[in-house]
Amino acid sequence: MLCAISGEAPQEPVVSPKSGSVFEKRLIEAYIAENGKDPVTGEELSTDDLIEVKAQRVVRPRPPTLTSIPSLLSVFQEEWDALALETYTLRQTLAQTRQELSAALYQHDAAVRVIARLTKERDEARDALSKVTVGARSSGAGDAMQVDSTGLPDEVLARVESTQASLSKTRRKRPVPEGWATGEAISAYKPTESTDPLYPGGKALSVSSSGDSALVETAEGVVGVYSLSQKQVLHTLQTNGPVTDAIWAGEKAVIASFTGSVKVFESGKEVASFNSHAGAATSLALHATGDIVASVGADKSYVLYDLTTNAVLMQNFSDASLVSVQFHPDGHLLAAGGADGQIKIFDIKTGTAAANYDLSGPVKRVFFSENGTFLAAVTENSTMVSIWDLRSSKEVKVLETGSQVESISWDYTGQFLLAGGPSGLTVQQYIKASKSWSETLRSAVPAVAVAWGSAAQSIVALNTDGRITVLTAQ
């Protein structure tokens with residue numbers, strides 16, 4: 001009997017009832033496990049169908065070539081020759097691999113040297129660029145205006161000081177406006193409506209003081225003016241590059257772009273354009289006067305603009321690229337978040353540095369509380385919001401949101417701090433009586449940008465798909 005698969009005498013013979021052929025048991029079981037068929041006829045076959053054959057165990061004879069010492073020596077010689085040949089081949093392969101590795105290491109070393117040289121030249125160029133005096137051009141004047149950090153003009157300085165004086169006296173004792181949302185009401189906020197995708201990829205959202213219009217940014221150089229009441233885009237504003245930020249200044253829309261330009265629109269028409277930044281303009285902020293706007297940029301500078309005259313007021317340089325900006329509610333300080341992990345506080349009257357707060361990474365967002373006491377800050381890819389007390393210049397609280405934070409916004413009363421990210425949004429409430437914090441709301445609505453609606457009666461969130469979601473009490 002010979003196995004139909006191996007052609008040798010089987011040690012454990014079995015018979016297939018499908019074909020009547022004899023097989024080695026282990027071979028036919030392996031074949032059935034893989035194919036489930038009889039190898040001879042191709043019919044369906046299982047191991048339970050096999051029939052064992054009772055036979056005497058076959059003793060395999062010793063190969064005739066290994067019955068003497070000379071034949072054994074011959075076999076050993078052949079194996080040694082094969083081993084020597086294999087060793088020689090391995091040595092050749094090893095030598096070739098070493099040569100290839102040596103060449104790769106040399107190329108890597110050369111690439112590292114080139115990268116180091118280019119990085120050094122880039123840093124030197126950026127440093128030199130940040131020290132160059134740049135001009136700005138408004139749509140109302142054809143000639144570039146020379147700007148520097150010598151301080152604000154007297155007329156503007158008087159407006160800033162008057163605003164500061166009037167606000168600083170009443171801010172801390174200011175009562176909560178009638179009809180303002182309470183913590184209990186905010187805790188019941190649910191998504192009530194969600195728009196179709198407007199501008200996928202946008203990361204900027206600004207709601208007007210009336211609470212009806214929202215600026216929605218897109219990476220394609222277009223900003224849409226969206227009516228929350230009419231639930232439609234009223235008109236679009238075109239810039240000359242990818243949009244980095246957009247804010248309302250009364251009825252005017254101010255837009256910053258990656259090209260460094262800052263454009264001002266009113267009633268859908270461009271009324272001013274500035275090009276003070278030598279690199280990207282990364283963030284915008286509105287002063288308490290309502291007609292002064294600040295922009296920060298990758299060229300390490302912040303610029304102040306007067307929207308009443310469409311002129312550049314001053315440009316001041318720091319020691320690092322700036323990625324976020326916010327005015328103090330009284331209007332005398334400006335906080336700029338740096339790529340070096342520092343919050344840089346400037347006195348806008350003189351342009352001098354007032355303080356520096358250190359964080360663990362690039363400062364993605366900064367936001368002053370309306371009582372003028374606290375400053376909230378978020379670093380890039382962080383799940384925490386740092387709270388700084390301006391009176392002691394110390395970090396007094398770290399709020400853990402549990403998910404990445406992309407945007408923050410304090411309400412007008414300074415009670416509620418809204419934080420949003422790709423995994424959802426939260427509202428943290430500061431209780432002045434007990435000087436404690438509590439989480440008022442947690443929602444799974446994703447948001448790359450968040451803002452409060454009128455009287456904090458709603459929350460407006462923008463996600464990465466360009467979809468606007470409004471949360472209100474049910």
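About 30 Å³ of space lies in the largest cavity of this predicted model, and the structure holds one cavity of 30 Å³ or more. A cavity here is a set of points, on a 1 Å grid over the protein atoms alone, where a 1.4 Å probe fits but cannot get out, and lining residues are those with an atom within 4 Å of a point. Its volume is the space filled by probe spheres set on the points, which are joined across faces, edges and corners.

Before selecting anything, note that residues are numbered from 1 along each chain as its sequence is written. Because this is a predicted model, local features need pLDDT of at least 70 and side-chain atom pairs count only at pLDDT 80 or more, while totals for chains, interfaces and linings use all residues, and side-chain values use heavy atoms, with hydrogens and water left out.

**Stop one: the cavity lining.** Select T401, S403, Q404, V405, A419, G420, G421, G424, L425 and T426, which line the largest cavity. Strands β28 (416-421) and β29 (424-431) each supply at least two residues of this lining, a strand being a DSSP run of E with at least two residues and a helix a run of H or I with at least four, both numbered from the N terminus. By class, the lining has three nonpolar, seven polar and no charged residues, where Ala, Val, Leu, Ile, Met, Phe, Trp, Tyr, Cys and Pro count as nonpolar, Asp, Glu, Lys and Arg as charged, and the others, Gly among them, as polar.

**Stop two: the second largest pocket.** Next select N371, F374, G414, Y430 and K432, which lie nearest the centre of the second largest pocket among its 23 lining residues. The elements giving two or more residues to this lining are β26 (394-400) and β30 (436-443). The volume of this pocket is about 560 Å³, a pocket being an open set of points with protein on both sides within 12 Å along at least five of seven lines. Its lining has eight nonpolar, six polar and nine charged residues.

**Stop three: salt bridges.** The count comes to twelve salt bridges, each a side-chain nitrogen of Lys or Arg within 4 Å of a carboxyl oxygen of Asp or Glu. Select R159 and D306, whose side chains meet in a salt bridge at 3.2 Å, N to O. This pair links distant parts of the chain, with R159 in helix α3 (residues 154-170) and D306 in strand β17 (residues 301-306), 147 residues apart. D306 counts as buried at 3% relative accessibility, where buried means under 20% relative accessible area, exposed over 50%, and partly exposed in between, with a 1.4 Å probe and protein chains only.

Now move to D319 and K344, whose side chains meet in a salt bridge at 2.9 Å, N to O. D319 sits in the loop between β18 (311-317) and β19 (322-327), and K344 in strand β21 (residues 342-347), 25 residues apart. D319 counts as exposed at 57% relative accessibility, whereas K344 is buried, with a relative accessible area of 3%.

The last pair to select is E121 and R117, whose side chains meet at 3.4 Å, N to O. Both lie in helix α2, four residues apart, about one turn of the helix.
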